[in-house]
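This report covers how two chains meet.

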Amino acid sequence: MIGLVHFLTVAAIIFAIGLYGVLSKRTIVGILMSIELMLNAVNINLIAFSRFITPEVLTGQIFAIFTITVAAAEVAVGMAMIFRVYYDRNTVHAARLDEMRW
Amino acid sequence: MNEMIYTVAFYIFAAITVAAAFGVVTKSNLVHSALLLALCFIGVSGLYVLLQADFLAAVQILIYNGAIAIVFVLGTMLTRRSQRHGTNDTEVNIPSRVVTLVSGLFVVVTLGVIATTPWHYSSSVIVEDTPSLLAQLILTDYMVVMEAGAVLLLAAMIGAIVLAKGVEE
């Protein structure tokens, strides 16, 4: 019997993979992809809770819709910033963007 | 029999999702990462179908695979230099063992919490017709949040255009 625990386990593993990517990737695009993975893990959690704990009000699904909206906005702005950085500096490596380093 | 099909489908979708997510962070070619990200989103939408969130499964495929993954592939191709390999390397200055340890520790702690928490499953009936109920909720209880989301999307799109195009001075 597949229950809530199984879905939460999958979401935790995906979130940890995204965490690893955010901490270890060199390019901004890779970091942005890892953030998307983490957002998807959160969405799985929200919908699983909505399905097993409160199936009659669908609050988790509503919140998942808003998460997807914010993720779409974040990707649009993030890719625009990446284009801008690439245009100005000719690189997308996060370690080379050290203008604000103190 | 139905139960068994559900179990098998869950494990297939979970394996696809986790394997694709793992490939996203381990592949050294950024285009492969972007395509694996699209596969991972498809696996997640399969999980949504198993959770009886069919509307969100459709939204996941339409928005994540139709828009976000495509944007990633485009952005990857526009910001890539001549070499084909090593476009998505891991950082050399950070010891990757530490990062792996942190991520592994996160999984262990989370799984421990999940396993020890007593979950109270609800016994109320599951909504079959989700789109109509979702539409009703969004246009009544969550109206303000929906409007805020719409304004956020509009502002983000205008901001993205201005950022990518540049302002003429």
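Nonpolar means Ala, Val, Leu, Ile, Met, Phe, Trp, Tyr, Cys and Pro; charged means Asp, Glu, Lys and Arg; the others, Gly among them, are polar.

The model is predicted: local features need pLDDT of at least 70, side-chain atom pairs count only at pLDDT 80 or more, and totals for chains, interfaces and linings use all residues. Residues are numbered from 1 along each chain as its sequence is written, chains are lettered from A in the order in which they are written, and side-chain values use heavy atoms, without hydrogens and water.

**Helix pairs**

Helices are DSSP runs (H or I, at least four residues) numbered from the N terminus. Axes are lines fitted to C-alpha atoms over the stretch in contact, and angles run from 0 to 180 degrees between N-to-C directions.

| Pair | Angle | Axis distance |
|---|---|---|
| α3(A) and α5(B) | about 75° | 10 Å |
| α3(A) and α3(B) | about 10° | 11 Å |

α3(A) and α5(B) are therefore roughly perpendicular (65 to 115 degrees). α3(A) and α3(B) are therefore roughly parallel (under 35 degrees). Residues of α3(A) that meet α3(B) include I68(A), V75(A) and F83(A). Among their counterparts in α3(B) are V59(B), I63(B) and F72(B). That contact divides into 18 nonpolar, four polar and no charged residues.

**Whole interface**

In all, 84 residues of chain B are in contact with 73 residues of chain A. The two chains bury about 7,000 Å² between them, 77% of it on carbon and sulfur atoms. Buried area is the accessible area (1.4 Å probe) lost on putting two parts together, summed over both. L51(B), F72(B) and T79(B) supply 9% of the area that chain B buries against chain A, more than any other three residues.

α1(B) gives the most to the side of chain B that touches chain A, with 13 residues. By class, that side has 55 nonpolar, 22 polar and seven charged residues.

Note on methods. Helices (H or I, at least four residues) and strands (E, at least two) are DSSP runs, numbered from the N terminus. Angles under 35 degrees count as roughly parallel, over 145 as roughly antiparallel, 65 to 115 as roughly perpendicular and the rest as oblique. Contact means heavy atoms within 4.5 Å.
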